[in-house]
Amino acid sequence: MTIDQLSNLIKDPNIFGYLIVRPFGLILLSLYNFVHNYGLAVILFALIVKLCCVPLAIKGKKSMLAMTALNAEMQQLQKKYANNRAKLNEEIQALYERRGVSPMSGCLPQFIPLPIMMGLYYAVQQPLQYIVGLSSETVIKLAQLVGLDNLAGANYTVQIVIAEKLNAFKDAVGNFTPDVLKCLADGESIFPMDFNFFGLNLADTPSIKHPGLIWIIPILSCLTAYLSSYIMQKMQNMPKGNDAAANQMKMMTMLMPLMSLYFAFILPGAIGIYWIFNNVFTCVQEVILTKRIRGRQEAEQAAEAERVAAEKKAKREANRAAQKSHSEKKKGDK
């Protein structure tokens, strides 16, 4: 690798880097310093992100369950206005407004993990800049120190390779030698990064051409994505007869695992670990939120039904009393 090729790969962060990736890198750095394990830091990061998104998840879950409750009425509207698309859309929108339901609010929590995953991807891909906080000039100096020949073929993972190669420049107590420290600018610091996680190098990208232990990451990513989609489908409790919605759910159940498998084979192992535990936390969150929110909605519906029944009963009793009073009054007049 030439110095020009290296310079094209190592550039100063853009706005996305400063606003999204660098804060994620600082969070990862704090977690890494706390647990002293890169894999555990990524898992805790996934947990923190999931907890921060709980309010949005609650709102989305309420909307999804409310949409499910409207399926019977929507099917009636579809039959009634089967030949009038404009009127059907108007009636459906009116139904949403009457019930206070927004069909798009349930989709937002599904898209939030994507920019988070991209931010985490760049933080993992470029750890020297986004986690350690080094300038591009310092990273290039460190690359020259470890030898440009050792970076051939690294491309977008070049900073990971540099971070690994720098571990050869540690002294007996595990600190970097003066050769490394000379490359740093004023105010910069660096520490050895250990990407090992239960025998897996999370800096590596799994390869279909080269089977190995790291294949467990894409496999678990696929399986947990399927489990997450399956649980979401079951928790949705789609009514029978809604074939279109059921088919969409089945398609998502198959599509998400395949996407997870693909991305886990083209991204560093750390991203796969994040995706695995994000899926696991999603499963737990889905079960807990669905049971709690559905329980509250059912209790509210039961209370509303009792209120309506009580009002009807009170009206019937009032009518009987009025009729009885009217009858007695007629008898008295006679």
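Helix α11, residues 158-165, is largely enclosed by the rest of the structure, because 6 of its 8 residues are buried. The model is predicted.

**Helix α11**
- The buried residues of this helix are V158, Q159, I160, V161, I162 and A163.

**Lysine 50**
- K50 is part of helix α3, which spans residues 38-52.
- K50 is buried but has no salt bridge. The nearest side chain of opposite charge belongs to E286, 8.1 Å away.
- A polar contact of 2.7 Å joins the side chains of K50 and T282.
- Apart from neighbours within four places in sequence, K50 is in contact with N278, F281, T282 and Q285.

**Aromatic pairs**
- The whole structure holds 12 aromatic pairs.
- F16 and Y122 form an edge-to-face pair, because their ring centres are 6.1 Å apart and their planes stand at 75°.
- This pair links distant parts of the chain: F16 lies in helix α2 (residues 15-35) and Y122 in helix α8 (residues 113-125), 106 residues apart.
- F16 is partly exposed at 33% relative accessibility, and Y122 is partly exposed at 29%.
- Y274 and W275 have ring centres 6.5 Å apart and planes at 45°, so this pair is tilted.
- Y274 is buried at 0% relative accessibility, and W275 is buried at 12%.
- Ring pairs join Y274 and W275 with F24 and F45 in a cluster.

How values were computed:
Residues numbered from 1 in each chain as written. Predicted model: local features only at pLDDT ≥ 70, side-chain atom pairs only at ≥ 80, totals over all residues. Heavy atoms only, no water. Buried < 20%, exposed > 50% of the residue type's maximum accessible area, 1.4 Å probe, protein only. Helix = DSSP H or I, 4+ residues; strand = E, 2+ residues; numbered from the N terminus. Lys, Arg positive; Asp, Glu negative; His and termini not counted. Salt bridge = Lys/Arg side-chain N within 4 Å of Asp/Glu carboxyl O. Polar contact = N/O pair within 3.5 Å; in protein donor to acceptor, adjacent residues only side chain to side chain. Contact = heavy atoms within 4.5 Å. Phe/Tyr/Trp six-rings, centres within 6.5 Å; stacked < 30°, edge-to-face > 60°.
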